[in-house]
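Dear colleague,

Please find below the structure that I am handing over to you. A short account of the findings follows it.

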Amino acid sequence: MLSNTLVYGFVNSVILMLVALGFNLTFGISGIANFAYGALYILAALLCWIFFNSLGLPYFVAVIWAIGLTAVSGALMYRFVLQRIRGMALSEVIATFGIGLAILELLKYLGFIGFEYSLPVFIDDSFEVGMVVIDFQRIFVVIIGIAMAGFLWFFTHHTRMGLRFRGIAQDERTALSLGINSDQVAMFSVSFGAAYAAIAAILILPLGTINVEQGYSVLINALAVCIVGGLGSTAGVVLASFLIGYGQTITVTYLESHWVMLVPLMAILVILVIKPSGLFGFQKELEERI
């Protein structure tokens, strides 16, 4: 039981990190909390399913098209909605939550409900580590999840667009004075975040079925990881993912599975009471503001 907890806790932690990276990227760069994130996650998975099962495209092509269209959806959402209200935090939350709710309800209306909606695993096999049996799909998720975290660091430190991202995140006014287009960078950040959500969905959902209601739990998990780690902090996201991931695995192992959703909610409550800015957050604490 201890071996299972350690191994599957690690896998669950990487899954949470993978889910939260896109949300954290968008907020860290543009300051926009994208509450449509869970809906984009489900949308990407269903687009991939449609391309693969209904249109008969090769699975790799279906994956590329699904990721690309989800990224475009994020860019369009910013261009036609968020650009007009950027900087008004409450309006951003209401707008993105409304868009996410509309997407999920539309998918329900179109009949995407049932166990038949599932994505194929990349490698249908498993192997034994010590006394723990683990499938190759989870190993694949772990490898790609760590690689994506590393790619995000490389992209933001060693590419022209990535340096623009960091410039806007650190001091938007100074970045504007140097000729960086703030709206363009913000649009790309929302698009990149949506693409990360799509990649996470296509990697994770083959482990189960595509359920529209999962959009809400994905949003809650991403929010919990980012709030506990500190909004905008990649190191915080990694640490918070492991804290919450192992917390969920221990809960499932020693209690019951229906208590799992309490773990991220309790984590949010505890961190807001103890350290509202998160473990590695940049928001000022109350005593610093007064």
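The notes below concern one threonine and its surroundings, and then the aromatic contacts.

Please bear in mind that this is a predicted model.

T156 belongs to helix α5, which covers residues 136–158. The relative accessible area of T156 is 11%; this residue is therefore classed as buried, the limit being under 20%. A polar atom of the T156 side chain lies 2.9 Å from the backbone oxygen of L152. The side chain of T156 also has a polar contact of 3.2 Å with the side chain of H157. Leaving aside residues up to four places away in sequence, T156 touches G162, L163 and R166.

Turning to the aromatic residues, the whole structure contains 11 aromatic pairs. One of them is formed by F122 and F140 in an edge-to-face arrangement, with 5.0 Å from centre to centre and 75° between the planes. F122 is located in the loop between α4 (89–109) and β1 (126–129), whereas F140 is in helix α5, so the pair ties together parts that are 18 residues apart in sequence. Both residues are partly exposed: the relative accessible area is 31% for F122 and 29% for F140. Ring pairs also bring F52 and Y59 together with F122 and F140 in a cluster.

Finally, there is a contact between a charge and a ring: the charged end of R79 sits over the ring of F80, at 5.5 Å from the ring centre.

Yours sincerely

Terms used
Residues numbered from 1 in each chain as written. Predicted model: local features only at pLDDT ≥ 70, side-chain atom pairs only at ≥ 80, totals over all residues. Heavy atoms only, no water. Helix = DSSP H or I, 4+ residues; strand = E, 2+ residues; numbered from the N terminus. Buried < 20%, exposed > 50% of the residue type's maximum accessible area, 1.4 Å probe, protein only. Polar contact = N/O pair within 3.5 Å; in protein donor to acceptor, adjacent residues only side chain to side chain. Contact = heavy atoms within 4.5 Å. Phe/Tyr/Trp six-rings, centres within 6.5 Å; stacked < 30°, edge-to-face > 60°. Lys NZ or Arg CZ within 6 Å of the ring centre and 35° of its normal.
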